[in-house]
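Start with the model below.

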Amino acid sequence: CRRAFLLMLLALLTLAALEAARTRVAVDPIALDLGRLAAIVLAAVLFVRVIVNFIRWRTRPDELIRIYDQGFTWQHGTEQHKYSWGKLVTIREGGRGLYLGQRALMQWGAHVLTLDDKQVLKFKPRHGDMRAFIRAVRPYAADVTGTRMGRILRQEKPVRLHPRLVAWPGGLAVGKKELPWGTLDIDLERSRLIIRALDSKNGRYKTVRTYPVSAVDNVAGFYELATTTIENHR
C-alpha cells in the first residue's frame, strides 16, 4: 500500500512537471499530451490500488507464515496451522509476477498447498514475495512429494500430475502417447515443464509436450523423481 501510494505521488508530480513544461519550454504538444495521458492513467491505476490495499488491510486479519527445516506454521488471525513437511500432499506453484531486480512490480495467482487433513493453504501476493516463498518451500516439498510418488510407482500404481500427464512404473503417458523412461528427457524452465522424447529416426530429442508449471501437481518433486528414473533406465 505504501509503495503504491509513493508511486502515485510520483505520477502526480510528473504530471505537474509536464504542465509546467507546457508554459516554460518549447515542447512537441503531441509528445506532451502523450506524457500527460500516461501519467494520468498511471496515477488512476495506482489510486485504485491504494484504495483496494487499504480496504484489505482494514478488513483482513493478520497472517504470519514461518518456514522451518521440519515443517511450517501458518497463522491466520487467531487460527494457527502447524504441519511437518511429511503432511504435505500436493503443492501447485501457481504464483507469478513481474519483477525489477528483487522488487515485485506486480504479482498474481497463488501457490497452493494441500495437506493430508484436506486443509488447503494459499500463498497469495498479499502475503509477500511469491518467488521468495517458493524458493524456501520447494526443496522440502520436492523431497517429500518425490519420495511419495516414487513409493507409489514401486507399488505398480500410476501418479496423475495433470489431466494429460500420468507417470507409470514404466514411463509417462503424455496425452495419448506412452513413452518409456529410457527415451525421455525432461526440463524444468521457469514457468514450463518440457517433456522431450528420443526420435528413433535421427537420434535427437524432440519436444512432445510443454506444460505450464502452474497446471502440474508437485512439479518439483516430479522433476527430481523423473530425472533420476530416466538416468537409471538408460
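## Terms and model

Helices (H or I, at least four residues) and strands (E, at least two) are DSSP runs, numbered from the N terminus. This is a predicted model: local features need pLDDT of at least 70, side-chain atom pairs count only at pLDDT 80 or more, and totals for chains, interfaces and linings use all residues. Residues are numbered from 1 along each chain as its sequence is written, and side-chain values use heavy atoms, without hydrogens or water.

## The second largest pocket

A pocket is an open set of points on a 1 Å grid over the protein atoms alone, where a 1.4 Å probe fits, with protein on both sides within 12 Å along at least five of seven lines; lining residues have an atom within 4 Å of a point. The second largest pocket holds about 420 Å³, the space filled by probe spheres set on the points.

Its lining has 14 residues. G95, R96, R131, R190 and S191 lie nearest the centre. β5 (96–100) and α3 (130–154) each supply at least two lining residues. α3 gives the most, four residues.

## The nonpolar patch

L98, L100, L105, M106 and W108 make a nonpolar surface patch of about 520 Å². Areas come from the Shrake-Rupley method with a 1.4 Å probe.

β5 and β6 (103–108) each give two or more residues to the patch. β6 has the largest share, three residues. L100 lies in strand β5. L100 is exposed (over 50% relative accessible area), at 59%.

How values were computed:
Patch = residues over 30% accessible without salt bridge, like charges linked within 9 Å, V, L, I, M, F, W, Y side chains within 5 Å. Salt bridge = Lys/Arg side-chain N within 4 Å of Asp/Glu carboxyl O. Buried < 20%, exposed > 50% of the residue type's maximum accessible area, 1.4 Å probe, protein only.
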